[in-house]
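Take a moment to look over the chain before reading on. The paragraphs below walk through it piece by piece.

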Amino acid sequence: MSSTDIASIMDNSRELDRLRKDQEEVLVEINKLHKKLQATPEVVEKPGDSSLSRLKSLYIQAKDLSEREVVISNSLVSKLDTFLPSGAPGQQRRKMDGSDQKRRRMKSDSDISRLSPSMRSHIEACLSLKDEQVAARVTSDAEKDEWFVVKVINFDEKTKEFEVLDEEPGDDEEGGVQKKYKLPASCIIPFPKRNDPSGTQEFPAGRNVLAVYPGTTALYKATVISTPRKRKSDEYLLEFDDDEEDGALPQRTVPFHKVVPLPDGHRQ
């Protein structure tokens, strides 16, 4: 196991810790709202009260954090599996007969229904991304990570891998063809739903995010200057790293549905 592998595992572990802390904070807020609504249920009937919409937003945020936790956990398991022996010494494979194959097919058909609720929710969420655009880390080396907007073609429930298409034609040197990639779930971040801005987690001013640079299909690290809610629009005001013009960082607007959390350990 190389030092790079260990660093990657530790990055995932830190991401899990952060997600669980975020989940705890969200649950605290949910419990506060529950107590408020139990004590004064009539408050929701008052004009301008946003208790129910706030509660919905918190539940969506909790669900997103839970699904992200499953993605990171799967990534950790996959990485650890590569360093563990695949079977006991001297273990022999047994040839499958017809009944074995039938039982295996039956098991595969019912796999999702037998999973834990969180894992089942994760698998269903991955399957629902078919034909959707997502953010994908298509390359990762010692120096930088490259994230692009891609289209999900398929999700393999067995390998837990996405097949995605980079719809942007390649360079002339690459023949100008669209590239396909097979990527683990840890390399995929779904975009917020375009038609549900109120149910989307909003990143506060000062938070580092990953966002689609205007006029491109590439995502880069950026800092939130102003939020959609504060701007009363569907766009963030961002400053992208390494985007200096005339000695200053220009502030650029990006639609909320093209902004996602910055992965831990991101290199640019």
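In which loop is the place of D131? D131 sits in the loop between α4 (117-127) and β1 (133-140). Helices (H or I, at least four residues) and strands (E, at least two) are DSSP runs, numbered from the N terminus. This is a predicted model, in which local features need pLDDT of at least 70, side-chain atom pairs count only at pLDDT 80 or more, and totals for chains, interfaces and linings use all residues. Residues are numbered from 1 along each chain as its sequence is written, and side-chain values use heavy atoms, with hydrogens and water left out.

Stay with D131 for a moment. Most residues other than glycine have a negative phi. D131 is not a glycine, yet its phi is positive, about 75°. D131 counts as exposed because its relative accessibility is 52%. The cut-offs are these: buried means under 20% relative accessible area, exposed over 50%, and partly exposed in between (1.4 Å probe, protein chains only).

Now step back to the whole chain. The chain has 5 helices and 10 strands. Of its 268 residues, 32% count as buried. The chain exposes about 17200 Å², and carbon and sulfur atoms supply 49% of that area. Accessible areas come from the Shrake-Rupley method with a 1.4 Å probe; for residues, only the protein chains shown count as cover. Contacts tell another part of the story. Contact means heavy atoms within 4.5 Å. Among contacts in the chain with a separation of 6 or more, 51% are between residues 24 or more positions apart.

L80 shows such a separation in sequence. L80 lies in helix α2 (residues 51-81). L80 and I6 are 74 residues apart along the chain, and their C-alpha atoms are separated by 9.8 Å. L80 is partly exposed, because its relative accessibility is 39%.

Next, follow strand β2 (residues 145-156). Which strand pairs with β2 over 5 bridges? The partner is strand β3 (residues 161-166), and the pairing is antiparallel. Two strands pair if DSSP finds at least two bridges between them. D156 stands opposite E161 in β3. The two strands, β2 and β3, form a hairpin with 4 residues between them. K160 is found in the loop between β2 and β3. K160 is a residue other than glycine, and its phi is positive, near 60°. K160 counts as partly exposed because its relative accessibility is 31%.

Strand β2 has another neighbour to visit. It is joined by 2 bridges to strand β7 (residues 218-226), and these two strands run antiparallel. The bridge partner of F148 in β7 is A218. E146 also lies in strand β2. E146 and A218 are 72 residues apart in sequence, but 7.8 Å apart in space, C-alpha to C-alpha. Not counting residues up to four places away in sequence, E146 touches A136, R137, V138 and T139. E146 is partly exposed, because its relative accessible area is 27%.

Move along to S226, which is in strand β7. Is S226 buried or exposed? S226 counts as buried because its relative accessibility is 11%. Leaving out residues up to four places away in sequence, S226 touches R231, Y236 and L237.

Now look at the rings. A pair of aromatic rings is described by the distance of the centres and the angle of the planes. Rings of Phe, Tyr and Trp (its six-membered ring) pair if their centres lie within 6.5 Å; planes under 30 degrees apart count as stacked, over 60 as edge-to-face and the rest as tilted. The structure holds 4 aromatic pairs. One of them is F155 with F162, a tilted pair at 4.7 Å centre to centre, with 50° between the planes. Both F155 and F162 are buried. Another pair, Y213 and Y220, is edge-to-face: 6.2 Å centre to centre, with 90° between the planes. Y220 is partly exposed, because its relative accessible area is 36%. Ring pairs link Y213, Y220 and F240 into a cluster.

Finish with the cysteines. How many disulfides does the structure hold? It holds 0 disulfides. A disulfide here is a pair of cysteine sulfur atoms within 2.5 Å. C126 is buried because its relative accessible area is 5%. C187 is buried too, with a relative accessible area of 7%.
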